[in-house]
Amino acid sequence: MTFEKKILCIGAGYVGGPTMAVIAHKCPQCRVTVVDIDEKRIAAWNSDHLPIYEPGLEEIVRRTRGKNLFFSCNIEDGIRENDIIFVSVNTPTKTFGMGAGMAADLHYWEKTARQILEHSRSPKIVVEKSTLPVKTALAMERILKGAADGLKFEVLSNPEFLAEGSAIKDLEDPDRVLIGSRETESGLIARETLATIYAHWIPRHKIITSNIWSSELSKLVANAFLAQRISSINTISALCEKTDADITEVARAVGMDSRIGPKFLEASVGFGGSCFKKDILHLVYLCQQYGLNEVAAYWESVVQVNEYQQERFILNMLHGMFNTMKGKKICLLGFAFKANTGDTRESPAIYIAKRLLEEKAEIVISDPYALTNARTDLEGVEGMISYELDPYEAARGAHAIAVLTEWQQYKGLDFRKIFSGMVKPAFIFDGRNILDHRQCHELGFNVYPLGKAALTHF
């Protein structure tokens, strides 16, 4: 089959894999190849057990794999054979040198840029898909201009705005697609080439364009604003607990203001995931580099409040359980950072599990999709840890349950059955406010929600 466009994605992770699967599904006239240095990950993409869980992803991969969607470890041939190259490699926070703990570590990204330069034999459109600091495209351009044979490269910024757990829906029906480019003749042509691909299924009014620097910054700002809303409502949850106000009622009243809206106004044990903390810290570092120290401090406080909320949850557990958890069995319902994903990166559950172990508690972790990652996250951590897929078995003999992920199935659990098998007095600490607290209290539980008065039998 002759394909109109040949598309490559370097990086087969949570962004690259689903994004390319949807492009292949919506654009059968395009050949889409995803490459990665991780042989096990590529093998998983080619198997019946995909390396990530995302609702709807498996069905799309099965429809397209081997037809116009391919997964490979051959990065060199992929670069040579394709016209459009998406770069979706990891950009973690630096753990060394200048900017350690805040700045983006771009060595994977730079290595990829040099690979593109080395193996290209024809002009390419290179698309930044990873979340990158502003002006990163300038460095990419400078590297690619080193082509000895005078090959021309155009660099675009096309940030992802995906939420894990709804990534396929977000890709099929996005709020917007953003494409940034140099505003030169060749840059605008490259921008339109990419826009035409998305236009196969996305209305043109949702495909917005900008200069390349605005596009790069927009991704960081979007994540910062979302995280800010979570930290804001969590600060108010602490105040509600002191004043007998109800955070759900406050959030409902505030969210009905059309200028504010209801989304991301649910009190929780805190945000997690690979993006929010990392991107905010990158933004903080960027502001510091430009001497905008007050701006940097403002955004850094969003991360600090998130950490405060997690520690506050632990202290509420400790105080509720008579100021000691030594030898007590605590069941953690949920370990993924959010529902509908197995991703545990920066999950609040990691911090909470470690703090419980520091208090000499015994923990049993239950999660429908994240147990493998949980084992990896807690490998080498001292203390009594067990893993149990069945939430009823996980809660058997426990002194307390801590709800850490808002899985829908937890709402439907038979808490009468769970209560009967727990040590008394039995506690529930609802870190997501998803349970029927009054009903649980009537069954005999001592219930500690977030941002609401505790319901106890003391």
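Trainee: Which residues touch the most other members of the largest nonpolar core?

Mentor: First, some ground rules. This is a predicted model, in which local features need pLDDT of at least 70 and side-chain atom pairs count only at pLDDT 80 or more, while totals for chains, interfaces and linings use all residues. Residues are numbered from 1 along each chain as its sequence is written, and side-chain values use heavy atoms, with hydrogens and water left out. A nonpolar core is a set of buried Ala, Val, Leu, Ile, Met, Phe, Trp, Tyr and Cys residues joined through side-chain atoms within 4.5 Å. Buried means under 20% relative accessible area, exposed over 50%, and partly exposed in between, with a 1.4 Å probe and protein chains only. Here the largest core has 38 residues, and Ile7, Met20, Phe86 and Tyr198 touch the most other members. A second, separate core has 29 residues, including Ile352, Ala353, Ile363 and Phe427.

Trainee: What is Met20 in contact with, leaving aside neighbours within four places in sequence?

Mentor: Contact means heavy atoms within 4.5 Å. By that rule Met20 meets Ile7, Cys9, Val32, Val34, Leu69 and Phe86.

Trainee: Now the helices. At what angle do α9 and α10 pack?

Mentor: Helices (H or I, at least four residues) and strands (E, at least two) are DSSP runs, numbered from the N terminus. Axes are lines fitted to C-alpha atoms, for helices over the stretch in contact, and angles run from 0 to 180 degrees between N-to-C directions. Helix α9 (residues 212-243) and helix α10 (residues 247-255) have axes 9 Å apart, at an angle of about 135°. α9 is therefore oblique to α10, since angles under 35 degrees count as roughly parallel, over 145 as roughly antiparallel, 65 to 115 as roughly perpendicular and the rest as oblique.

Trainee: Is the crossing of α9 and α10 left-handed or right-handed?

Mentor: A crossing is left-handed if the near helix is turned anticlockwise from the far one by less than a right angle, and right-handed if clockwise. α9 passes α10 in a right-handed crossing. The residues that meet are Ile233, Ile236, Ser237 and Cys240 in α9 and Ile247, Val250 and Ala251 in α10. By class, this contact of α9 with α10 has 6 nonpolar, 1 polar and no charged residues. In that count Ala, Val, Leu, Ile, Met, Phe, Trp, Tyr, Cys and Pro are nonpolar, Asp, Glu, Lys and Arg are charged, and the others, Gly among them, are polar.

Trainee: How do α9 and α12 pack?

Mentor: α9 and helix α12 (residues 293-320) have axes 9 Å apart and an angle of about 40°. That makes α9 oblique to α12. The crossing of α9 and α12 is left-handed. Among the residues in contact are Phe225 and Gln228 of α9, with Trp299 and Arg312 of α12. The contact of α9 with α12 divides into 9 nonpolar, 8 polar and 2 charged residues.

Trainee: Is His437 buried or exposed?

Mentor: His437 is found in helix α17 (residues 437-443). His437 counts as buried, at 8% relative accessibility. Not counting residues up to four places away in sequence, His437 touches Asp430, Val447, Pro449, Lys452 and Leu455.

Trainee: Where is Glu266, and is Glu266 buried or exposed?

Mentor: Glu266 lies in the loop between α10 and α11 (276-289). At 65% relative accessibility, Glu266 counts as exposed. Glu266 and Ile233 are 33 residues apart in sequence, and their C-alpha atoms are 6.8 Å apart in space.

Trainee: What should I look for in the backbone?

Mentor: Most residues other than glycine have a negative phi, and most peptide bonds are trans. In this model the peptide bond from Lys424 to Pro425 is cis, with omega near -5°. Pro425 lies in the loop between α16 and β13 (427-430).

Trainee: Which phi value does Lys360 have?

Mentor: Phi of Lys360 is near 70°, a positive value in a residue other than glycine. Lys360 lies in the loop between α13 and β10 (362-366) and is exposed, with a relative accessible area of 55%. Glu346 also has a positive phi, near 60°. Glu346 counts as partly exposed, at 44% relative accessibility.
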